[in-house]
Amino acid sequence: MRDDLKQPVPDTQSHTVESVLAIAKHPIHPMLVTFPIAFLSMVVVTDVLYLWLDAPFWAELSFWLNVGGLGFGVLAGVVGTIDMMSIRVVRRHVSAWNHFIVAVMVLAMAALGVWLRLPGHQEAVWPWGLLSSATMAVLVGVAGWLGGTLSFRHGVGVYGDEETEAASGRDAVEKPPAE
């Protein structure tokens, strides 16, 4: 194979910490968080669309996005908590605890949104529904940023590629254990 077609290896590599809950070495938590991120970050958009267009569909969609985001968020949170509590290296990261705390805040805001919208989807949008969904969208961004930092900077929830590690001269002895 030509050298320019090989996988690039960065100058500085972080160690890898495999996830406890994984399918064929693919961690489950990052797979699950895509749903609450997408659902909960769109609630504020559908709230604004309801206020702008005055179409009940958007208020109804806000409610169901909020419910789906809360449900998938709880599931992703349980899986993430099991990973965090099962791996000592992860529990030592301040970023992991920050991500955990902000994610719990996101779930609390999602639960508040469902509670606000349950009696009447349209009536709940202004002002408290919009305020809670905007706050929740900001928290989703912060939680996602911190989760990305854990994966991409600290190697949490990823596994190494043996070919890349061999090319870089690293071996299993040098890697810290993922306890």
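The protein chain contains six helices and two strands, where helices (H or I, at least four residues) and strands (E, at least two) are DSSP runs numbered from the N terminus. The model is predicted: local features need pLDDT of at least 70, side-chain atom pairs count only at pLDDT 80 or more, and totals for chains, interfaces and linings use all residues. Residues are numbered from 1 along each chain as its sequence is written, and side-chain values use heavy atoms, with hydrogens and water left out.

**Whole chain**

Colour the chain by secondary structure and follow the elements from the N terminus; their order is β-β-α-α-α-α-α-α. Of the 179 residues, 37% are buried; buried means under 20% relative accessible area, exposed over 50%, and partly exposed in between (1.4 Å probe, protein chains only). Next, display the surface, which comes to about 10700 Å² of accessible area, 69% of it belonging to carbon and sulfur atoms. Accessible areas come from the Shrake-Rupley method with a 1.4 Å probe, and for residues only the protein chains shown count as cover. Among contacts (heavy atoms within 4.5 Å) between residues at least 6 apart in sequence, 78% join residues at least 24 apart.

**The cores**

Select Leu40, Val102, Val106, Ala110, Met136, Leu139 and Val140, the residues with the most contacts inside the largest nonpolar core, which has 15 residues. Such a core is a set of buried Ala, Val, Leu, Ile, Met, Phe, Trp, Tyr and Cys residues joined through side-chain atoms within 4.5 Å. Then centre on Ala110: beyond its neighbours within four places in sequence, Ala110 contacts Leu40, Asn66, Leu70 and Met136. Move on to a second, separate core of eight residues, among them Val89, Val90, Ala96 and Leu150.

**Helix α4 and the surface**

Select Val94, which lies in helix α4. Val94 counts as exposed because its relative accessibility is 59%. Draw a distance from the C-alpha atom of Val94 to that of Leu150: the two residues are 56 residues apart along the chain, and these atoms are separated by 9.8 Å.

Trp97 is also placed in helix α4. Its relative accessible area is 34%, so Trp97 is partly exposed.
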